[in-house]
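The sequence and structure come first.

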Amino acid sequence: MISIVRHPLEWDGWAKARALLEQSVSKSGDCTIEEVEAALADIAKAQLWVAGDVELVAVTQLYPGECFVWHMAGDFARWGQEMTDAAIKWARAEGCTKMELNARPGWQRRLRDWDVVTVTLRKVL
């Protein structure tokens, strides 16, 4: 089962979801877990998606015409296709015409029907 959690920071499964999201946040280096929590405090800013018994989590953000998958972590092999299909359906219903995500190179193999648009290079200073 895939669902959006309406008040994620008050939800009983938040500790488990937070632990998974911390993995994604630490690998991406684009924000802190506290910034993710601040965004999730307002469902208009970010949405928490959960698969199964908190086996895969994702955070999406809506922009005019676009849904951005900000973070995803957990058992993608088991739940990834179902979660991305659900998020795409939801994003279309919200008026989005595209969905984007930043991911590590290995995700390309799992998301074969997604196009590579840019490559981000980073040097930690």
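How many disulfides does the structure hold? It holds zero disulfides, a disulfide being a pair of cysteine sulfur atoms within 2.5 Å. This is a predicted model, in which local features need pLDDT of at least 70 and side-chain atom pairs count only at pLDDT 80 or more, while totals for chains, interfaces and linings use all residues. Residues are numbered from 1 along each chain as its sequence is written, and side-chain values use heavy atoms, with hydrogens and water left out.

**Cysteines**

The cysteine sulfur closest to that of cysteine 67 belongs to cysteine 96, and at 5.4 Å the two are too far apart for a bond. Cysteine 96 is accordingly in no disulfide. Cysteine 67 is buried, with 0% relative accessibility, and cysteine 96 is also buried, at 9%. Buried here means under 20% relative accessible area, exposed means over 50%, and partly exposed lies in between (1.4 Å probe, protein chains only).

**The sheet**

Five strands make up an open sheet of mixed pairing, in the order E1-E2-E3-E4-E5. Strands and helices are DSSP runs numbered from the N terminus (helices H or I, at least four residues; strands E, at least two), and two strands pair if DSSP finds at least two bridges between them. Strand E1 (2-5) and E5 are the edge strands, each pairing on one side only. From one strand to the next, the twist averages 30°. Axes for such angles are lines fitted to C-alpha atoms, for helices over the stretch in contact, and angles run from 0 to 180 degrees between N-to-C directions.

Two of the strand pairings are described here. E2 and strand E3 (residues 56-63) are antiparallel, with five bridges; within this pairing, glutamine 47 has threonine 60 in E3 as its bridge partner. Strand E4 (residues 66-74) and strand E5 (residues 98-101) are parallel, with four bridges. Valine 69 is bridged to leucine 101 in E5. Between E4 and E5 the chain passes through H3, giving a right-handed β-α-β crossover. Right-handed means that, with the strands pointing away from the viewer, the path from the first strand over the helix to the second runs clockwise.

Helix H2 (residues 33-40) lies across E2, E3 and E4, and runs at about 130° to E4.

**Residues of E4**

Valine 69 lies in strand E4 and counts as buried at 5% relative accessibility. Apart from neighbours within four places in sequence, valine 69 is in contact (heavy atoms within 4.5 Å) with Val59, Thr60, Met99, Glu100, Leu101 and Asn102.

Is glutamate 66 buried or exposed? At 15% relative accessibility, glutamate 66 is buried. With neighbours within four places in sequence set aside, its contacts are Gln61, Cys96, Lys98 and Glu100. Glutamate 66 and glycine 95 are 29 residues apart along the chain, and their C-alpha atoms are separated by 8.0 Å.

Threonine 84 is in helix H3 (residues 76-93) and is buried, with a relative accessible area of 5%. Not counting residues up to four places away in sequence, threonine 84 touches Met72, Phe76 and Leu111.

There is one aromatic pair. Rings of Phe, Tyr and Trp (its six-membered ring) pair if their centres lie within 6.5 Å; planes under 30 degrees apart count as stacked, over 60 as edge-to-face and the rest as tilted. Tryptophan 49 and tryptophan 90 form this pair, which is edge-to-face, with 5.4 Å centre to centre and 80° between the planes. The pair links distant parts of the chain, 41 residues apart: tryptophan 49 is in strand E2 (residues 47-51) and tryptophan 90 in helix H3.

**A loop residue**

Valine 54 lies in the loop between E2 and E3. Its phi is near 55°, a positive value in a residue other than glycine.

| Residue | Relative accessible area |
|---|---|
| Tryptophan 49 | 4% |
| Valine 54 | 7% |
| Valine 69 | 5% |
| Threonine 84 | 5% |
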